[in-house]
Each structure stands twice: as structure tokens, then as C-alpha cells.
Amino acid sequence: MSQSVTPRRTTRSSASASPSAAPATPSSPPKSRPKPSPRRQLLAAAAAAPPKEDGSSVDAALLDALPGRRAQAMDLLRLLAPAPVLPLMLHGGAATGKTRALLLALRHLRPSQRLVYAALRSLPSPRALFASILSQLSATSFSTSSRQRLPDKPSDFVAALRDALTGIISQGEVVYLVFDNLEVVRSWDKGGQLLPLLRLHDLLQLSQVVLVYVSSGTPDAYYSMTGSVEPNYVYFPDYTVDEVRDILMHGHPNPKLYSSFLSVALKPLFRVTRRVDELSAVLEPLFRRYCEPLGDLKAVPDEGMKRRLFEHVQPHLAVALNETFSVPMRASMDEVKDVGSAGKGSVKRQFAGRDGISSELEFHMSVSAKYLLLSAFLASRNPATLDAALFDSTGGSDNHKRKRKSSQASRDMKDTIVEEMLMKGPGTFPLERLLAIFQCITSVSEDILDEVECPDNMASESETTGLMSDVLLQLSTLCNSNFLSKSRSCPLEGSARYRSNIDEDLALKVARSVHFPLSKYMYRR
Amino acid sequence: MAAATSVASRAQAVLRGRLCDQAVVHAALRSSPDTNYSKLKYLVASSVSEACNNSVLLLGPRGCGKAAVVKMVLDDLKKEHPDAISVIRLNGMLHSDDNCAMKEIARQLCLEHQLSFSKMASSDDNTEFMIDMLRECGLAHKTIIFVLEEFDLFAQGKQRLLYSLLDAMQSLTSQAVVIGVSCRLDADQLLEKRVRSRFSHRKLLFVPSSVDSLQRLMDHLLTLSEDTPLPTKYVREYNARVTSIFSDKKFKGILNSLTDADATTSHILRFLFRVVSYMDMDSGLLSMQSFMNALSSMQRQPKMDSLQDLSILELYILVCMNRLEDKEHSSYNFTTIMKEYKSVQDAYKTSDKYSHTVCFRAFEHLLGRELISFADNRGRTLSLEYRPVKLLISSHELAQSLKLNTTCPAVLQKLLDRERYM
């Protein structure tokens, strides 16, 4: 799902850049990615000549820059250090500081190292990977491989790579080849590309080349029938509560106030997710809310004030626990304020909100689009055989009797149907069925429509034609905004089929906004 | 102090260099008379001196030094007959495609004989070129040695490469040796009839070394010799420490648990590499502690580790999935899991009742950690909630990790246990 991508990406880059930036991101809007990505800066710094200092002080600086990663950093320093090195694999969950620790460790290990870094997630194909690695190698070396054709087969790549590397190594340099996001390769070409990559050490047989793999998948994801050179593993566990607190506290302007806030907010949020990036994204607006009653942000809170602040932030905390990310909209902000005063009852209603939609609709949608959405929802949920019963000439007004009849079916039969429904998800439907249902429900609720419809409808016969006129346009809009999805055309009928993606909560909200009795038309088992 | 540190880092560099050098690791093979090394060397040397064709397969599990033996033999022979040998290396992982392999052979032949290589040449041209070269080299009494690593991968498909190679070797003029290296013991059974009949059925079998020989190997690799540039006093002290560790009873235990898991040489090498990396840099000596640390880092269980990293909500979802599997649901998806989760929350009234979206994010985290996965590849068009999923961990692992987890609520434990003993 794409709903949490945007905040994750920004916070990831900021969290991985420096812990000081992680908690203090109120200035950066969540959508714009900082142009010079911090990781790229780190990369440039790692490739450039490092500050050469005394060994011990450098170690201390490194450990300081990697809070909670002491054991891993020491392991890295020891395993990466002098030249002949067996391949290394860093693995651990997302947002555990793998890449950052590696790049920082490489930065001050060697003055004359050459670093080749390939983040496989940003390279869509093997060809792009080969091109990226070779261009990084040849950019500064004397080889003229830029004029040559780019290799697209692993065999050509390994040959070209060996040529490029031997040129550099003969000058006595050590080359570090880093493959980040290794787990992505498994989806390329059924993993056929993975074997040569993982066995580069065997294939190259060059002792001055250090191979480092970074993966968020566990090592057993890479076992295959040809798995001889297992790398040395360094495991990055997720941060514990205390480590997360340290990271978030790092470089905060008012540590006293922030720590009293974290002591309230971190524990409950930690039960939901343990990832620093997600936590910092949730905590940042919460902290602003926490500070609201305070006039002076420099204030050091005492016990009484702490209690007061806690009571102030508690309802917001309950909301924050139940959403993945919040869209800062004016309407919802005001509403949250109201909710805070109204108490817990209305807070509950907010939980159902999905994709930033709370109990009231907060986006504009034309009436016909709303009806279309509802008919698509009905077409997806209800079995097609019941359409006639639900939408007969009486307009579904006497459907109570029929519904009762269908619910008298035997119990276990019902259960299996419910199970099947849960498994299959929403059904697909052809365009004709959608239009038929649309026509039915608009004709039924004509009386309601009269209130909403524009008064100067020149067509004399009915308002529904006005609604029907641009229905195909509305349909494509709904498809584009991912309320509906268009699946492949059915091989028998040849026409495209649609599926509604919205859940019941949203459908009920839409129905409420146009005063449409949706529950009357839903087939309940 | 500074001097000791630099001695230590120099010693560490020496040790690391040895561990990464296959020739040093397998040097023991060179000395004893009745090894695969001497057999292979005799075979290749005799075909070089008698100007005949030959072929041999080296078979054995991974990490037993097959490729290292080939390398040592070829290095020795190159020294003995500098002008009479040219080596062509192919790897099944890279060159299993016949056209690609032919091209690679032509490329390496051109490189060896200072000819210009045409990238545009067709596969037939390359084959013809190879046959011509074989004849020319045969007339010049020069042996071409083909080393085919991952031999079994060449036996996929039509085996055109193997056929044309072995067929060209049937003529009297040519002078070539094919050395196949494979970890499949039945590699020769994979050959087609026409290829098999042209193949000499010489096989050299490699077996993993015994615990005793592994200990000898460790001794050989870790002991510093006195003629290194390192100070003699340090070398003596260091060697004394190593011998004392080797005679320790704890060390026997470490060695046993290491070889129980995997007794190949490469595994031992990785272990020793860690040990040397964990060397105490102040004194420059190895300690029992570095062996213990290396062992514990080798014996991690990735699945258990990532189970320990889960948040409470993620554990709830795993337990719910486990309950569904115990109830013998043939397949289930996120919506079914949520139904189970709701019923659990209704029954126990815990504080961990979260909304659908938050649960879905936790579900996605589990997918990312590969503790659960989609049950099939069908239905990619379906949204994620409705795709059937399955657990990738056993209920035993889950129970164990819940026991180890100190923050885990008691309800969760109960939910898992009750289901299992009911």
C-alpha cells in the first residue's frame, strides 16, 4: 500500500542521516524530499579522503554517531579493517542503521580506499546495476570502458569488472564493493542474477576487493543450491526502547521537556511499531500538541505541569496510536480540537478514518460520483443474482421480506459463504451492471436528489439523465484516484471489469453525505 | 604500547592474508603423496608431456578445496612448462549459455595468443575458431587446459558446448585437457549419450575433512612461523598461547559444535577469520574469548532474532495467524486475521486494540521481515488484504520467542498455549 510511503521516505533519509535531525523535523514539510540526500552526502564523504586522527578518538566519534549500535560498529571495524577480507553481509530489519553504520565505518577506516556503492533498489535492472558499478569504477581510473558497450550479461559484466578492478588494484588500492538492498535482486529474473552477485568473491579471486552486502532479508533468504561462499554476517537488531529514546533525544533543544514527553508517549507507541522512522514521524506532531499549553518552550516542566500536559495530550495520543499517518488538513485539525474537548466517545469514531478521511468526508466529490461510488460498492459486495430482488420495480422498498428469506439459509452454509467472501475480497463486475445499479439507486432517491440537484436542469424528463450524462468521465476519474480498479477484460465477454477498492466504513460515510440508505441495499449474510 | 599495537595489527594482517589465500589453506595437500592433488597433477602432467587428450571430473561437496587443488596444480605446471600450457576458465554460473561460452572461449584464446578478438563473430565462427586453435596448438605441442567450474550447469540444455569441445578432442592432432569441477556427485550421469561416450570417465572424489585434520588445519593456519618479520619474542608468546588454547577442553567443545553444523573447510575458514578479527589488539594475542565470540556470532538463528525484534502488535498478528492455522483453515488472508484479532480482543479486553490501518502496517512489516509471505503468486491484481498468506515460522519457534520476550503480555502467551493443548 502506498499510504505510508511518503512520510517513511523522508523520515528514513533524515533518520539515517543524523540522529540530531530525526526528532527535529518540523521545518521540513513531509512531502518534499531534501534535495542533497543525506545518504548521498555521506557517500561522497565516505569516498573522499577521511579525517585522519588518532585511532581511539576516531572510534569514539564513530560510536557517538551511531547510538545503540556499539557492538555492530566494533564488529564492522574489526571485520573490514586490513585488506584481505572475506565477504561480509549486514542484515537486519528496516531502519536499523545498517547502511549508515557501514558508510561511517568505511569513512574512517582507510585513507586511500575506493568505494563503489550500488543501492539495488534504485537500479531497476541488472543492466543498470552493471552500468552503475562500471561507471563508478572507471570514472577515476584510466580505463576507457565508457566508450565500450555496456554489458548486459553477467558473464560480460564479470569480465569487464575484473578488467576494471585489476587496473585499480595494481596501483595498490583496496576497492570496497557495496551492494545495498540485496533483497530486491531476488525479484529480478527469478533470482538468476543473484548467484553471480553473491559469488563474486569466488568469480573474481581478487584479494584486494572487499565485497559487502546489505540486506533487510535474513540470510536464509539467500541459501540456494549454489551457496558455497557464505559471507560473514553482522546482525543489526531493532533498537530497544532506551536506544530509541536516546536517538530521539539526541540534540534536542529542550531535553527536559522532551524527555518528560517521551516518558509519556514513547511506551504506548512502541507497542505498535519499533521503527525509529515511523516513531519520529508520529511523535513530532504529538510533541507540538504537547507543548501547546506552554507559553515558553524553554520552560522546564515541574510535576504539576507534567500532569497537566499529559492530560492535554492523552486524547491525541489515543488517536495517534491508531493512524499510520495524518494529513495536515485544516478541517481535521479543528475537529481534533473539538474531539479533545468532547471526550472519548467521538475519538473512537475517528479511528475508522482511512487515508486521512475521518468521520466526515473531507474531500470534494460530485454527487453523481458519490452515487457511482456507492453503486460500484454494491456491485462488488452483492452477488449479481440478487440484483433483481434488491432493485426491482418497487425500488427496493419491499426488500425486507426477501432479505429475511435469504438469511434463513442454513447456518453452516452461511458461515462458509462468509469465509469465502473474506477470502475472495470484493468481486468484479461489468460496466453494464454498474450502470444498471446506478440508474436504480438514483431513481429511487429522486426525492433526495431534488434537494441537491441544480434547479435549472433543462432536460424535462428527469434529473437522472443529467446525472447519467458524464458518468463515463466520472468512472475514469474514480479509477484514476484508485477508488475503483479496472481489471483485465474477461476472456468470454471481452469487456473490461471493475472492482471497488473502498471499505464499508468509507462507503457508509459517502452514503450518509448524500442521505442514501445504503444498508438497505447491502446483502447481509 | 604503540609498538605492541602495530605488531598486533601486522600479525593480524599476516593471519588474515593466510586465511584468504586458498594456496596456503590447502598447502597440506601438496606435501602428502596420495591425495587428489598428486593424482590430478600426475594426470595433467602426463597428458602435457605425452601430448594426448584427457578429461577428468572433480566431484565433492562445496568448500572441500576442489577449485583450490586445480589452481595449485595449474600454477605448478605453469612453472614447470611455461610455454606448453594455456588455460581457459569457464564458470557454469556465467557461461551456461552455449553461445556465450563459445564466445568466452574465443575471447580467452585470443587473449592468450595475442590475437585480436572480434565481438561480432557468430557462434559458428567461434566454434570453428576453437577447433582451428586446438589443431594449431596441437601441432605446436601446446596443451590447452579447459577448466569448467560448476560443470553440472553446462550439462543443462543441448550440451552443445560440451559436445563440440569433446568431439574436437577426438582427433589426433589436438592436445587438450578438460577439467570439470562440480558439487553434484552424479554430474557425469547428466551427460547425454553422445557426450558421455566422448568423455573419459575419470573422477576424483573429494570428501570433507575429519575433525582431526581440521584441527591440524587450524594449527597450521594460526601458528605463526619464526621467520616472519615479526619480533621473535612476540611470535613465541603468541604460539604458546595458541597451543594452550588448542589443548583446552573448552576448545574441543567449540570445535565439535562447529563441525556438527558444517564441517567444510570454508566454514572453518570463516570461523577462523572471525577469531583473528576479534584478536585483542593491545596484547596481540588470541584468547578463548575471541573463539567464543566468533562461535556465538556464527551460530545465530536469523528467524529467532527477527522474532525478538517484533513489536507487541506484530506478535499479536502472528499469534492470530497461528491460531487460524491450528483451526485448520485451509487458507486465510488479512481480513480473516483481523476477524480473529477482533474476536481475541473482544474476549480478553486488552489494551492492545488498534485500528485496521495500524494493524495493516504491522502486517506489512511482517511481510517485509519475511516472517510471513503470500501463499501463492496468483491474484497479483487483488489488493493485499485479500491475498492468502502463510506463516514462515513454526508454532514452536513462536512459543519460544514469546517465552524469551520480556515485554510480551501474558495474554499472548496464554492465547498461544491454550490453543495448542486444547
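Predicted model: local features only at pLDDT ≥ 70, side-chain atom pairs only at ≥ 80, totals over all residues.
Local features were taken at pLDDT of at least 70 and side-chain atom pairs at pLDDT 80 or more, whereas totals for chains, interfaces and linings use all residues. Residues are numbered from 1 along each chain as its sequence is written, and chains are lettered from A, with ligands numbered from 1, in the order in which they are written.

Chain B holds an open sheet of five strands. β2 (85-91) and β5 (202-205) of chain B are the edge strands. Each has a single partner, so one of its sides lacks a neighbour in the sheet. The average twist from one strand to the next is 20°. β1 (residues 54-59) of chain B pairs with β5(B) in the parallel sense through four bridges. Within this part of the sheet, Val56(B) lies opposite Arg202(B) of β5(B). Helix α4 (residues 36-50) of chain B packs on the sheet and touches β1, β2, β3 (143-149), β4 (176-182) and β5 of chain B. The direction of α4(B) makes about 165° with that of β1(B). Such angles run from 0 to 180 degrees between N-to-C directions, with axes fitted to C-alpha atoms, for helices over the stretch in contact.

Chain B is assigned domain 1 (2-18 + 210-296), domain 2 (32-205) and domain 3 (305-421). These bounds come from an automatic or database assignment. The C-alpha centres of domains 1 and 2 of chain B are 38 Å apart. Four residues of domain 1 and five residues of domain 2 form their contact, defined by C-beta atoms, placed from the backbone, within 7 Å.

The largest nonpolar core has 131 residues. A core joins buried Ala, Val, Leu, Ile, Met, Phe, Trp, Tyr and Cys residues through C-beta atoms within 7 Å; buried means 20 or more other C-beta atoms within 10 Å. Among the members that touch the most others are Val212(A), Phe146(B) and Leu272(B). Beyond four places in sequence, Val212(A) contacts Leu88(A), Leu102(A), Tyr176(A), Leu177(A) and Val178(A). A second, separate core of 53 residues includes Leu248(A) and Met321(B).

Conventions. Buried ≥ 20, exposed ≤ 12 C-beta atoms within 10 Å, placed from the backbone. Contact = placed C-beta atoms within 7 Å. Pairing = 2+ DSSP bridges. Helix = DSSP H or I, 4+ residues; strand = E, 2+ residues; numbered from the N terminus.
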